[in-house]
Amino acid sequence: MCQLVMGPAGSGKSTFCSTIMTHCETLKRSVHLVNLDPAAERFAYEPSIDIRDLITLEDVVEELHYGPNGGLIYCLEFLVNNMDWLEEELANYEDDYLIIDCPGQIELYTHYPIMKRIVEALQRLGYNVCGVYLIDSQFIEDSAKFFAGVMSAMSAMVQLEIPHINVMSKMDLLGSKQNKPEMDRYFDPDPTLLLEDVNKHTRPKFHNLNEALVRLIDEYNMVSFIPLNIYDEDQVALVLSHIDNAIQYGEDVEPKEPKDMDEGDGDEDLGGFMG
């Protein structure tokens, strides 16, 4: 079982991963962090598998003189071309629950087949994979930015073809606004928001484009968001329950064996029930 945690840079992916790992540990799950970001620097939990052991963005930029975006694409393509390394690493955790922290370049999920290849490798190894796509709750302050996030989430869903959960992160930053009824228009995106707001701030020649985007979002009707305030345990549990349901977690989990009991103690305990 594994979560593939995606989303644009700054959406809170690493914080999400550490929050879910902490919650899983309280549930006594054997959970491991997998880092696929070659530019990552710090983690709350040490990754059990780390792409930086194979290749780092710093080395690529220094040796090949690529920019940061091109260098990151190169690193992930290098991983795909050396998938045997990842498969060998994953073999050590085949019965465990994995949380995979991915880079923040959305073109990896929307334009390139890189993440699709990684998903296929995971599935070949028997992993049930759930995509978790995060967008920052601050996007709701700008309708155009919000619907760009909706479109990128939808693109990832279409591209990867796996069970998928969309999460609106950093809800705590909205304060009391997070509990207002109008937030439902963002959790279950209302396309009319785009026309109502964006058309006010764009030239008339772009209005047909806005309407086409509204129709696209409305016709696909795929994207909805689960709100997440990481300081609210109930919301953390709700997000995890949706992910567990998507990958059918628990159906293949081996029952835990009871702790060994001393034979004498066992006989004494049974004595009260034996004539």
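1. Ser169 is buried (under 20% relative accessible area, with over 50% counted as exposed and values in between as partly exposed, for a 1.4 Å probe and protein chains only), with a relative accessible area of 4%. The residue is found in strand β6, residues 164-169; strands here are DSSP runs of E with at least two residues, helices are runs of H or I with at least four, and both are numbered from the N terminus. Apart from neighbours within four places in sequence, Ser169 is in contact with Ser11, Leu134, Ile135, Asp136, Ser137 and Leu228, where contact means heavy atoms within 4.5 Å.

2. This is a predicted model, in which local features need pLDDT of at least 70 and side-chain atom pairs count only at pLDDT 80 or more, while totals for chains, interfaces and linings use all residues. Residues are numbered from 1 along each chain as its sequence is written, and side-chain values use heavy atoms, without hydrogens and water.

3. Strand β6 pairs with β5 in the parallel sense over six bridges; pairing requires that DSSP finds at least two bridges between the strands. Leu134 stands opposite Val167 in β6. Strand β1 (residues 2-6) also runs parallel to β5, joined by five bridges, and Cys2 has Val129 of β5 as its bridge partner.

4. In strand β5 (residues 129-136), eight of the eight residues are buried, so the strand is largely enclosed by the rest of the structure. In a regular strand, side chains alternate between the two faces of the sheet. Val129, Gly131, Tyr133 and Ile135 are buried on one side of β5, and Cys130, Val132, Leu134 and Asp136 on the other.
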